[in-house]
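This report covers how two parts of one protein chain meet. The sequence and model come before the details.

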Amino acid sequence: MARKYFGTDGIRGLANGEKLTPELALRVGQAAGMAFRRGDHRHRVVIGKDTRRSGYMLEYALTGGFTSVGMDVYLLGPVPTPAVAMLTRSLRADLGVMISASHNPFEDNGIKFFQPDGFKLSDEVEEKIEELVEKGVSAGLTQGVDIGRAKRINEVTTRYTEFAKRTLPRNADFTGLKVVVDCANGAAYKTAPEALWELGAEVIAMGVEPDGFNINKNCGSTSPKALCMRVIEEGADIGIALDGDADRVVIVDEKGQIIDGDQLMAALALYWHELERLNGGGMVATIMSNLGLERCLSDNQLRLERTKVGDRYVLERMRSGGYNLGGEQSGHIILSDFSTTGDGLVSALQVMSLVQKRNKPVSEVCKMFEQVPQLLTNVRISGGTPLRDDRVIKAIASGEQKLGASGRLVIRPSGTEPLIRVMGEGDDETLVKQVVGEIAHVIEGIA
């Protein structure tokens with residue numbers, strides 16, 4: 001079945017645009033509620049959201065859908081995505097929902113689902129929900145006392161903050177560390193500064209004044225320039241940049257230099273390997289992770305398993321292969337000893353713990369390898385399937401031949417935007433630029 005609504009990370013699009021409307025949210029709520037209605041007990045669903053204005057609209061539409069098929073709804077308000085995953089398990093819910101478009105601008109929004117164990121849905125379950133959306137669920141609508149109810153839950157941010165802190169050793173104390181944290185005017189604007197302060201750090205908070213429109217705007221993990229400058233101005237030891245729903249993190253060292261997810265995962269992998277805590281003999285990352293990460297792990301007799309893009313695919317491989325560390329270059333880092341999804345705050349706390357243990361600057365602790373030159377170009381398309389065009393196929397084959405064994409090409413459609421992503425990497429930076437440019441040019445001519 002062709003996927004009409006779900007992409008690489010739930011349903012995402014322009015709020016009130018062609019795809020993501022309150023009508024669709026109502027139908028999706030009904031369909032997902034039907035898909036997870038099992039047994040005779042009172043079913044419950046938890047719904048969290050980030051700080052986008054359109055979150056109210058989708059929250060109430062989803063609530064109408066869920067209650068109409070007999071599910072009780074627990075509204076969490078603005079909370080990080082990993083908090084929804086955690087609370088789905090903790091509250092013994094039948095389903096968890098996060099309303100967020102992650103790192104996208106405020107105009108967009110999205111709907112992510114978590115099954116009762118806190119893990120994201122499989123492709124098969126998403127396809128089942130899509131089928132129910134298309135067919136309708138009139139036969140499953142409830143009446144009278146069977147209609148669900150909705151209520152808001154207080155103090156959920158406190159529960160998540162305590163959970164994040166408990167991922168550290170009992171005696172963890174960050175006293176003496178000066179931290180600048182950028183919460184992207186998003187879902188973690190309360191929890192991240194509070195957790196860091198309660199652990200003893202001196203905290204300077206940015207991006208903690210959401211107004212419904214400024215989420216991810218010139219701030220957060222996708223725009224860390226302001227954080228880099230602030231770290232230098234304040235003489236801070238470390239900078240932490242989260243994205244709009246706080247499931248990814250980028251670290252800034254004391255020199256104001258950005259440390260991406262690949263470097264952070266390498267640092268944690270080698271540290272956990274040293275402590276004999278690393279499971280599976282390595283870690284999992286996507287096809288987009290830098291070749292330098294793979295070489296770094298190999299030099300330390302560890303392996304890197306690669307998956308297609310999407311943190312849920314990383315997690316699936318982690319679960320099947322017995323790994324407890326994985327993630328994406330963008331900063332989605334999954335530490336399955338603690339979480340069932342990417343968690344920016346928990347990942348940052350683990351990095352800070354490592355920095356404190358080494359008693360060295362972040363720039364020394366977290367830079368584990370020299371990155372292989374990598375270039376990513378996004379080509380906007382109007383539709384169609386340009387990657388099936390013979391001219392594009394020929395250009396890709398030519399590029400792969402030019403790069404040879406010392407480089408890689410990854411060309412794929414975006415799962416969330418009308419883009420073709422052309423990524424190339426190799427030891428010869430000039431050649432990489434040439435190859436990526438040639439392929440992008442061919443795609444542009446067709447798209």
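How many salt bridges count between domain 1 and domain 2? The count is two, a salt bridge being a side-chain nitrogen of Lys or Arg within 4 Å of a carboxyl oxygen of Asp or Glu.

## Model and domains

The model is predicted: local features need pLDDT of at least 70, side-chain atom pairs count only at pLDDT 80 or more, and totals for chains, interfaces and linings use all residues. Residues are numbered from 1 along each chain as its sequence is written, and side-chain values use heavy atoms, with hydrogens and water left out.

The domain assignment, automatic or from a database, gives domain 1 (11-154), domain 2 (162-257), domain 3 (259-347) and domain 4 (374-445).

## Extent of the contact

Between domain 1 and domain 2, the C-alpha centres are 28 Å apart. Domain 1 puts 18 residues into the contact and domain 2 puts in 20 (heavy atoms within 4.5 Å).

About 1,400 Å² is buried between domain 1 and domain 2, with 61% from carbon and sulfur atoms; buried area is the accessible area (1.4 Å probe) that two parts lose on being put together, summed over both. Within domain 1, the most area is lost to domain 2 by Thr51, His103 and Phe106, together 38% of what that side buries.

Lysine 112 and aspartate 245 form a salt bridge through their side chains, at 2.6 Å from N to O.
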